[in-house]
Amino acid sequence: MALPTINPTTTKAWEALQSHYENIKGKHLKELFATHPQRADLFTIAWEDFYVDYSKNRIDQTTKDLLIDLAKEVKLDEAITHYFEGSIINETEDRAVLHTALRTPVNKNIEVDGKNVLPEVNEVKQKIKEFSNKVISGTLKGYTGKAFTDIVNIGIGGSDLGPVMITESLEYYKNHLNVHFISNVDGDHTHQNLKGLDPETTLFVVVSKTFSTQETLSNATTARKWFTQNAPNEAVGKHFVAVSSNIANVTKFGIDEDNIFPLWDWVGGRFSLWSAVGLSISLSLGYDNFEALLEGAYEMDQHFKNTPFEENIPVILGLLSVWYNNFFGAESEAIIPYSQYLHRLPAYLQQGIMESNGKSVDRKGNPISYQTGTIIWGEPGTNAQHAFFQLIHQGTKLIPAEFIGFKHSLFGDQDHQDKLMANFFAQTEALMNGKTKEEVVEELSSKNLSEAKINQLTPFKIFEGNKPTTTVLIDKLTPKNLGALISMYEQRIFVQGIVWNIFSYDQWGVELGKQLATKILSEINNSESYQHDSSTANLLKKYLVK
Ligand code: F6P
């Protein structure tokens, strides 16, 4: 069953939102809180270990109702059913979108082409579990009989960002194995990573769904060359494993079929960390933690699937994003985790969100006349406060920001945790309230400054405030809660894609650059010359001069 193809701008709710926007755009958040002192209770969702407070957004009850009407008019509920049931909702690639099946318990039933996929998913999970246990315990050994000490994940995009983000985020739970990630085709990055590794104790995990990605194949070839400079060719089989759906290409590369961890075409690259793409996660954190991650994601999936829109976290967050993007004209959104462990989360979500919803053609193939995917960026707080927060506070752009924080720290240093979280709370309050002229004058006057000095400084010290934020406060950074958090974003991506009437699960835009790079590489290697614009031609000439 195909997804509905409703242009959101033709809905009644859209029209109503447009006139409602005219009423609310001039209102200050302070005013909204003053008129409804219980606003925080009204606009908060408590679910499991999550407490999502979206009250510091430029909305009122009418906004929420209309956004939900919009979701209903574009038939979000119907779309959710198709998605979870495994309909071909990635129509341009003729595939189902079933990363949710990877975290579904094996006793359920999810069919693709009339076949329940869960037994097969479970088989691969068992393979991941056994392999991880053997590597971690040292039972599986390298070619000289030594246990593995280092794991090198070679992959790019979804075959890198998920595993690297999770292993960094859950470093606290890590075992003795050192994990390294080689992604970029930049040889300096590759050789820098190989430098210092011992071939006798290094295991390479080559991750590529298609096994045709230039970066990954180049890096895997270089790693194999590095390896066989020190080890016999026959040892490759013991030190290289692959994660891929392209078995033929992997065996051609020289990896035994037994050492291949398969995945399926219904797992999109940027949603694949839950599959065997997460092998390095399971190796470095242990299979139990990998499973806890899946469990958290499954629970969030169930919340998304079964909760009325009014109380549904991914639905509300997705609709808020639509509200700012399409009515306020906000172009970007900041994601600020108040945990240094989550420092790769914004980069991970950049792929998830921007590769999915950066589209300008609707589901019927027509050009779109409204805004779609938002620009995602961010860094952990408090570092971000000392870097780009100035612009969010006093710049000219409206940047809705999501703050993610944890009630409990992992090492239990309460002094640090209180300081970290004091900043977390203070920033959203400051962004909302700002500082008025009167407050600035009063503050400066208390410093015994001359009137002239006060007048001179006042305009620079005023903060307009009214900057929207959403706070996601989670009990503790555990594998399970992280799984739920990532699923929350995945489902939010889905909601927005449905509202915008686009296909979120293809990525044709990445292809053009790849095609041209292949052409230019052959030009560099074979001195063939193609027709280029004068800028590219000059740059190539400059590069080719030895
Ligand atoms: O960047 C495009 C892309 O296709 C991503 O969607 C994917 O995650 C990445 O390339 C890597 O692809 P593969 O796993 O096939 O090497």
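User: What makes strands E5 and E7 count as paired?

Analyst: In this predicted model, strand E5 (residues 150-154) and E7 are joined by five bridges and run in the parallel sense. Two strands pair if there are at least two bridges between them, so E5 and E7, with five bridges, count as paired. One of these links is between Ile 151 and its bridge partner in E7, Leu 203.

User: Why is E7 called largely enclosed?

Analyst: Strand E7 covers residues 202-207, and six of its six residues are buried, so the rest of the structure largely encloses it. Both faces are covered, with Thr 202, Phe 204 and Val 206 buried on one side and Leu 203, Val 205 and Val 207 buried on the other.

User: What makes E13 "mostly covered", and which strands pair with E13?

Analyst: In strand E13 (residues 469-476), six of the eight residues are buried, and this is the basis for the words "mostly covered". Strand E2 (residues 50-53) pairs with E13 in the antiparallel sense over four bridges, and Tyr 51 stands opposite Leu 473 in E13. Strand E12 (residues 401-408) runs parallel to E13 and is joined to it by seven bridges, with His 408 standing opposite Lys 476.

User: Which residues does UniProt mark as "active site", and where do Glu 355 and Lys 514 lie?

Analyst: An unreviewed UniProt entry places this feature at Glu 355, His 386 and Lys 514. These positions are spread over 160 residues of sequence and are also spread in space, up to 36.8 Å between C-alpha atoms. Glu 355 lies in helix H15 (residues 345-357), whereas Lys 514 has its place in helix H21 (residues 511-526).

User: Are Glu 355 and Lys 514 buried or exposed, and what makes them so?

Analyst: Glu 355 has 22 other C-beta atoms within 10 Å, and a residue with 20 or more is buried, so Glu 355 is called buried. Leaving aside its neighbours within four places in sequence, Glu 355 is in contact with Arg 270 and Gln 507. Lys 514 has 11 other C-beta atoms within 10 Å, and with a limit of 12 or fewer for an exposed residue, Lys 514 is therefore exposed.

User: Why is Leu 217 called partly exposed?

Analyst: Leu 217, in helix H9 (residues 214-228), has 18 other C-beta atoms within 10 Å. Leu 217 and Phe 253 are 36 residues apart in sequence and 8.7 Å apart in space, C-alpha to C-alpha.

User: How do you know that the whole chain is as compact as a globular protein of its length?

Analyst: The protein chain has 22 helices and 13 strands. Its radius of gyration is 26 Å, close to the 24 Å that the globule rule gives for 546 residues, so the chain is as compact as a globular protein of that length.

How values were computed:
Residues are numbered from 1 along each chain as its sequence is written. This is a predicted model: local features need pLDDT of at least 70, side-chain atom pairs count only at pLDDT 80 or more; totals for chains, interfaces and linings use all residues. Helices (H or I, at least four residues) and strands (E, at least two) are DSSP runs, numbered from the N terminus. The radius of gyration is taken over C-alpha atoms; the globule rule is 2.2 Å times the number of residues to the power 0.38. UniProt positions are given in the numbering used here, feature names are shortened, and annotations may be inferred rather than shown by experiment. Two residues are in contact if their C-beta atoms, placed from the backbone, lie within 7 Å.
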